[in-house]
Amino acid sequence: MSTPRAMRQSLALRLGSAGFLTFWCIVAAFPIVWIGVMSVKSPVDAFASNPLDVIMGPVTRAGGNGLSVIGIVLGLAVLYMSGRFAMRNLPQMVARFTQPGTVLLGWVIATLGFAVLFIVLFFAVLPVILSGLNAIAGPLGNPVLGLTTEHYQAVWVENAFYRNFVNSLIVTTGVVTVSLTVGTLAGYGLARSGSNLAFWLLILALIFRALPHSVLVAGYLPVFINSSEILRPVFGDAAPTLYGQPYAVIAVLVAINQPFTIWMLRSFFHNIPTELDEAARVDGCSHFQAFRRVIMPVMWPGVITTGLFSFLLGYNDFLVTSLLLDAQNQTMVPAIASYFNRETTTTDQVEAIAAAVSITAPLFLLVMVFQRQIVSGLTAGAVKG
Amino acid sequence: MKFKTFIAFVGPSLFMMVLFIAFPLVSVFTQSFYNKSQEFERVEVETCTPGFPTQTCVTEVKSRPVLDENGNVRTTTEFVGLQAYRDVLELDRAGAAVRAGSWSQLMTIDFWKALRFTLTFTLLTLPLVIGVGLAIALAVNNAVRSLRGPVIFISLLPFIITPVIGALSIRWLFIGDGILTAFLEWWLARDIAMFAQGWTIEVMMLLYRVWHVAPFAFVIFYAGLQTVNQDTLESAIIDGANRWQRLRYVIVPHLMPLIIFIALIHLMDCYRVFEEIVGFSSQAHVISLQWLTYDFLTPDDAGNRAISRASASAMLTMIGIVLLLILPLRRTWRDHKGAH
């Protein structure tokens with residue numbers, strides 16, 4: 001079938017469109033790819049003004065850290081194979097070893113196991129094999145591409161970045177679970193009620209969504225710092241100081257996230273026909289039973305999508321976590337501020353870059369796995385709501 | 001649904017929003033009228049140093065903090081009325097600047113500086129985000145089907161990245177003799193320091209924000225483009241409309257609700273511009289309203305937080321967002337009334 005002549009596009013238009021798209025893709029990916037490249041070079045290379053020096057890393061190579069041609073080929077092969085394994089074999093294995101009820105748990109275990117295996121293989125086994133191979137390979141074994149992981153080691157091992165990672169994990173897990181539990185209930189209630197009250201609640205939520213977070217934090221901070229004195233009449237000497245506690249931050253982030261969550265979940269619940277609830281009600285379910293046994297099982301895509309956005313909010317937040325957490329309980333994103341504020345030497349800067357790449361890597365994986373859900377979540381709010 | 005069941009479902013969420021959003025707002029409002037300060041007392045201290053033939057004694061009046069029984073500095077909270085607002089707005093200095101007609105003098109006052117940047121930033125990025133988003137959506141819609149998935153994947157990266165990290169990654173491209181600065185210097189054949197003056201930092205922030213938000217606009221426009229009525233498009237072709245006219249009179253009107261939606265979300269998000277200031281470390285040149293509150297809230301060298309002034313600036317920020325949102329919200333209200 002050929003396109004009608006009126007719809008056919010001139011060569012200039014097609015070229016222009018394709019050119020613009022290529023340009024956009026380069027602009028979109030370049031800064032992220034570039035910090036990835038910079039993070040594995042020695043400071044002199046990372047901030048070299050010649051882009052070729054940054055990519056090839058002559059100083060890093062001279063320092064004895066480099067990849068040979070064999071190394072590059074082998075590394076790419078391992079990357080490709082593990083990617084293939086994760087896409088093809090892992091889902092089958094999960095399906096084989098899990099009962100229907102425990103699929104989620106199976107996936108968590110499988111992902112963790114895969115990550116550990118990959119890290120061991122890539123960072124422990126591969127270098128050993130490579131050093132042996134390079135020694136016997138002659139000219140092919142000479143390093144051509146400067147590459148070093150020393151900044152990652154400095155960040156994760158010496159500066160104990162894993163502690164911030166664990167804190168981030170606690171905060172984001174808490175935020176996602178609580179805001180989904182509270183949000184699904186509210187979203188369902190709002191979607192199934194056509195009353196004026198529901199409309200006003202939604203408008204109120206919209207106004208709350210627009211509030212700058214610093215306004216709210218200005219309200220929490222004095223209360224949180226003095227909370228042990230304020231709560232003493234109620235709890236006695238066990239009254240906690242909420243300032244610096246991850247669970248207090250979880251509660252704050254859940255509340256800040258709530259307006260957005262209920263709007264999004266409401267629009268997902270709207271797509272589920274009311275006949276489904278009515279059928280369940282006729283069969284003798286209460287409203288809550290209908291929600292739990294009939295609606296929730298078909299709601300999973302919406303819940304996963306909303307969970308992703310809650311995750312992003314908890315993970316990406318800088319303002320709330322940096323003001324309400326003290327140094328010991330800092331999550332990753334505010335912790336990076338201490339790196340680039342220190343910035344006395346260029347080594348510090350490259351370490352900051354390595355930390356930044358470490359923070360971005362999970363997000364990158366997230367987009368890879370959940371691209372479709374993210375797109376559907378973005379459009380759910382706009383096109384239907 | 002009965003009212004009781006409705007409350008049972010919505011209750012927990014409502015409780016959290018009241019406790020953590022509505023209640024803090026009230027407390028910020030009251031805080032802004034009170035000032036908590038450390039108590040000082042003035043005491044006469046006689047210090048003597050050994051001398052000849054008699055020791056020399058000096059009596060001076062010193063002020064020292066009053067300690068309570070635990071050894072902490074005693075603080076008092078007093079009602080100061082609108083003093084905190086006056087401290088933030090600095091109306092007399094601003095008034096003097098306006099009377100003198102001196103823009104640069106007005107821009108030395110933090111609040112007005114922050115307001116100027118926040119508003120220009122919001123209003124400048126808005127058309128750029130919508131334009132770039134629409135252009136990408138049209139280009140992707142025009143591309144081969146198999147390319148669309150990868151392009152969407154790459155486009156989502158700037159959107160999903162942590163804002164502070166995103167700003168930092170742009171900053172590292174320009175800082176010192178970063179490669180893009182080096183490229184610009186080679187291209188324009190002159191020395192460039194991107195972080196030495198305010199306007200270059202603002203341009204970078206603008207570019208960063210468009211880079212960060214355009215994917216969001218793109219995804220939504222792209223979804224909207226899939227539902228364009230093909231019959232209308234065909235009849236436009238029969239009527240002899242060229243490509244530009246089809247875009248102008250068929251596609252854009254179809255996307256209008258989405259454009260309004262994106263504009264609304266963008267107004268809200270852009271008004272709280274904050275991460276850029278942190279990422280580009282631009283506080284010496286450029287600050288935003290939310291950063292002003294943040295700055296009051298972070299402890300100064302003596303460990304004190306200016307809670308009262310922070311509350312005042314928070315309240316002023318909030319008034320700003322209400323003013324900004326009144327028009328779109330009135331529209332929603334009219335739509336709701338029209339629907340019933």
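A helix here is a DSSP run of H or I, at least four residues long, numbered from the N terminus. I kept that in mind for everything below, and also that this is a predicted model.

**Entry 1: Gly75(A)**

I began with Gly75(A), which lies in helix 5 of chain A, residues 69-97. Buried or exposed, I wondered about Gly75(A)? Its relative accessibility is 10%, and since buried means under 20%, Gly75(A) counts as buried. Next I looked up what Gly75(A) touches, skipping residues up to four places away in sequence, and found Phe122(A) and Leu126(A). I also checked Pro127(A): it is 52 residues from Gly75(A) along the chain, yet their C-alpha atoms are separated by 9.6 Å.

**Entry 2: domains of chain A**

Then I looked at how chain A is divided. Domain 1 covers 66-146 and domain 2 covers 161-384. How many Å separate their centres? Taken over C-alpha atoms, the answer is 33 Å.

**Entry 3: His213(A)**

His213(A) sits in helix 10 of chain A, residues 213-225. I noted it as buried, with a relative accessible area of 17%. I left aside neighbours within four places in sequence and listed its contacts. From chain A I got Ile256(A), Asp317(A), Leu319(A) and Val320(A), and from chain B I got Arg272(B) and Gln290(B).

**Entry 4: the nonpolar cores**

The largest nonpolar core has 192 residues. Which of them touch the most other members? I wrote down Tyr220(A), Phe269(A), Met299(A) and Leu324(A) from chain A, plus Trp172(B) and Phe221(B) from chain B. Helix 9 of chain B, residues 198-225, gives the most to this core, with 17 residues. Apart from that core lies another, of 5 residues, including Ala94(B), Leu106(B), Met107(B) and Ile109(B).

**Entry 5: rings**

One I looked at is Tyr208(B) with Trp211(B): the ring centres are 6.1 Å apart and the planes are at 50°, so I put the pair down as tilted. Both residues belong to helix 9 of chain B, and because they are 3 residues apart there, about one helical turn separates them. Tyr208(B) is buried, at 1% relative accessible area. Trp211(B) is buried too, at 5%.

I also found a cluster linked by ring pairs: Tyr188(A), Phe269(A), Phe288(A) and Phe291(A), together with Phe9(B). Phe269(A) was already in my notes, among the core residues that touch the most other members.

Charges over rings came next. The charged end of Arg266(A) sits over the ring of Trp263(A), 5.5 Å from the ring's centre. In chain B, the charged end of Arg248(B) sits over the ring of Tyr249(B), and there the distance to the centre is 5.0 Å.

**Entry 6: cysteines**

How many disulfides does a search of the whole structure find? It finds 1 over all chains. It joins Cys48(B) to Cys57(B), with 2.1 Å from S to S. The angle about the S-S bond is 110°, and the link is right-handed. Cys48(B) counts as partly exposed at 35% relative accessibility, and Cys57(B) is partly exposed at 38%.

I looked up two cysteines in chain A as well. Cys25(A) counts as buried at 14% relative accessibility. Cys285(A), at 19%, also counts as buried; the cut-off for buried is under 20%.

Conventions:
Residues numbered from 1 in each chain as written. Chains lettered and ligands numbered in written order. Predicted model: local features only at pLDDT ≥ 70, side-chain atom pairs only at ≥ 80, totals over all residues. Heavy atoms only, no water. Core = buried A, V, L, I, M, F, W, Y, C linked by side-chain atoms within 4.5 Å. Buried < 20%, exposed > 50% of the residue type's maximum accessible area, 1.4 Å probe, protein only. Helix = DSSP H or I, 4+ residues; strand = E, 2+ residues; numbered from the N terminus. Phe/Tyr/Trp six-rings, centres within 6.5 Å; stacked < 30°, edge-to-face > 60°. Lys NZ or Arg CZ within 6 Å of the ring centre and 35° of its normal. Disulfide = S-S within 2.5 Å. Domains from an automatic or database assignment. Contact = heavy atoms within 4.5 Å.
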